[in-house]
Amino acid sequence: MDFSQMFKTTIYTLLLTIICLLLPLSGAASPQSQINKPTRERTKSGDKKQADKQDAKADDKKGAKADDKKETKAPAATKDDKKDDVTKKNAAAPEEKKQQPQQEAPAPNPADGPFDGIDVSKHQGVINWETLRKNPKIKYVYIKATEGSNLVDENYRTNIQNARKAGFKVGSYHFLSNKSSVTTQFQNFANTAHRDEQDLIPVIDVEVCKQWTPQQLRDSLMVFAKMVEDYYGCKPIIYTYETFFKSYLGKAFAHYPIFIAKYPRNPNDKPNIDGVKWIMWQFSEKGRLNGVKGYVDLGRFNTGHSVNDILYRPAKGKPRVSVKDAVDRNKPKPSTVKMTEDPTAKEGTSSKSKSEADKKQEKVNKNAENQKKAEEQKKKAEEQKKKAEQQKKKAEEEKKKKAEEEKKKKDDAAKKRKAEEEKRAKAKAEADAKAKAEADAKAKRKADAKKAREEQAKRKSQGKSTAASLYNKGTSSKMSQSQRNDSIRSAQSLGRKTNKSSADND
């Protein structure tokens, strides 16, 4: 009998038995290596077929988690997070499912509880908005519009038009990328999310910090937010998840409305972002609603807030600015990185190289600040020079204007004197003409009077001779009545007395 062969066989059998016994415990004993963080990036339909239908997540989401873990020191995972991870790993292992004697109950639908709104993108596919409108819980809908400098969500135009047609209050959000400049990203968002189509305040979704230092991220986000505020006329809402806000943003953005994502097992475990008040909370990414295929993000308002706090109300009396004006008013600071689509920074950079890069960047920033100061001083000197020239020009213009006014006064006085002299001359001429006319009239009257006297004297002499002849004739023969009357009148005109009682005077 070959005892060595039997010994080997026995050893192999024992090892296989031990492995089979320990295999079901391997999933429960595996430690959590990543922080469980929410994100708006969703798996595509092809990826979902390859993963478990309920608990699969997108490859790009897993990659984002791994990258964030390499770049930042994430806070320690909670016990609830570890339990979630263990449950997901057990559900993802087909062989281990076969070994479980009992079938687990289906996960509850978070949409069965209270919520206030949803956000959607192309990952929800074609949405039946007419069916969705029958859900009375939905008070707002946020729709993904753009990402980075050139990506536009392929379903955005259809979603926003049909959602508004169904009667929903609709808003748009932009996913801030670290692979392109904030200026081109803002232009992409503003040219896509039209102001007249917005019912809700625009949202900036910020979740990644790769290729950016924390300060560069804050500067970039601040520039983007100011551009949005200038163009849309209101402060945008900042969306991010709890740990990201604590690690990168902090109280620098406390004056903006905050939309926090946190998916706890305990529904009462609300977000806590270092005393900064948030207005909205995305508490689940696994809501199921009639009219939407697959999962949908669910959100609710913080206590004391409602949909009235997120309605799009541009500042009254403030003129609308163009996209170009909004960009020109908010030039990025020197510390803001304008990344290209192919970042040169690589993963796994050592702390030493990062430190050198930071020093180099600080030097660049310092040089840029010095250059900026020099340009400001130069600009200030030019402005002072320009101001002095303007003052000199103004003094010359005032002097010239004063001289013109004095000349005008003199000319007016001369014209006035000339007019008065002409008036006096005219009055004198009129007086002379009047005096002459009066003298002529007087002379004429004298001449007429003289002529009248002469004619009267002539008539008188003629009348005497006529009267005498008539009288003499009348005495010799009887006159007619008319002749007698003429005789009487002639006698009276000569001052002779007539006898009315005479036989000839009827």
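Biologist: How many disulfides does the count come to?

Modeller: A disulfide is a covalent bond between the sulfur atoms of two cysteines. The rule applied here asks for a pair of cysteine sulfur atoms within 2.5 Å. By this rule, the count comes to 0 disulfides.

Biologist: On what kind of model does this rest, and how are residues numbered?

Modeller: This is a predicted model, in which local features need pLDDT of at least 70 and side-chain atom pairs count only at pLDDT 80 or more, while totals for chains, interfaces and linings use all residues. Side-chain values use heavy atoms, leaving out hydrogens and water, and residues are numbered from 1 along each chain as its sequence is written.

Biologist: Is Cys209 buried or exposed?

Modeller: Buried means under 20% relative accessible area, exposed over 50%, and partly exposed in between (1.4 Å probe, protein chains only). Cys209 has a relative accessible area of 5%, so Cys209 is buried.

Biologist: In which strand is the place of Ser284?

Modeller: Strands are DSSP runs of E with at least two residues, numbered from the N terminus. Ser284 counts as buried at 9% relative accessibility. Its place is in residues 280-287, which form strand E8.

Biologist: The backbone nitrogen of which residue lies 3.1 Å from a polar atom of the Ser284 side chain?

Modeller: Ser284 also touches other residues, among them Pro110 and Tyr263, not counting residues up to four places away in sequence; contact means heavy atoms within 4.5 Å. The backbone nitrogen at 3.1 Å from a polar atom of the Ser284 side chain belongs to Lys286.

Biologist: What is the mean pLDDT of the chain?

Modeller: pLDDT is the predictor's confidence in each residue, from 0 to 100. In this chain, 72% of the residues reach 70 or more, and the mean pLDDT is 78.

Conventions
Helix = DSSP H or I, 4+ residues; strand = E, 2+ residues; numbered from the N terminus. Polar contact = N/O pair within 3.5 Å; in protein donor to acceptor, adjacent residues only side chain to side chain.
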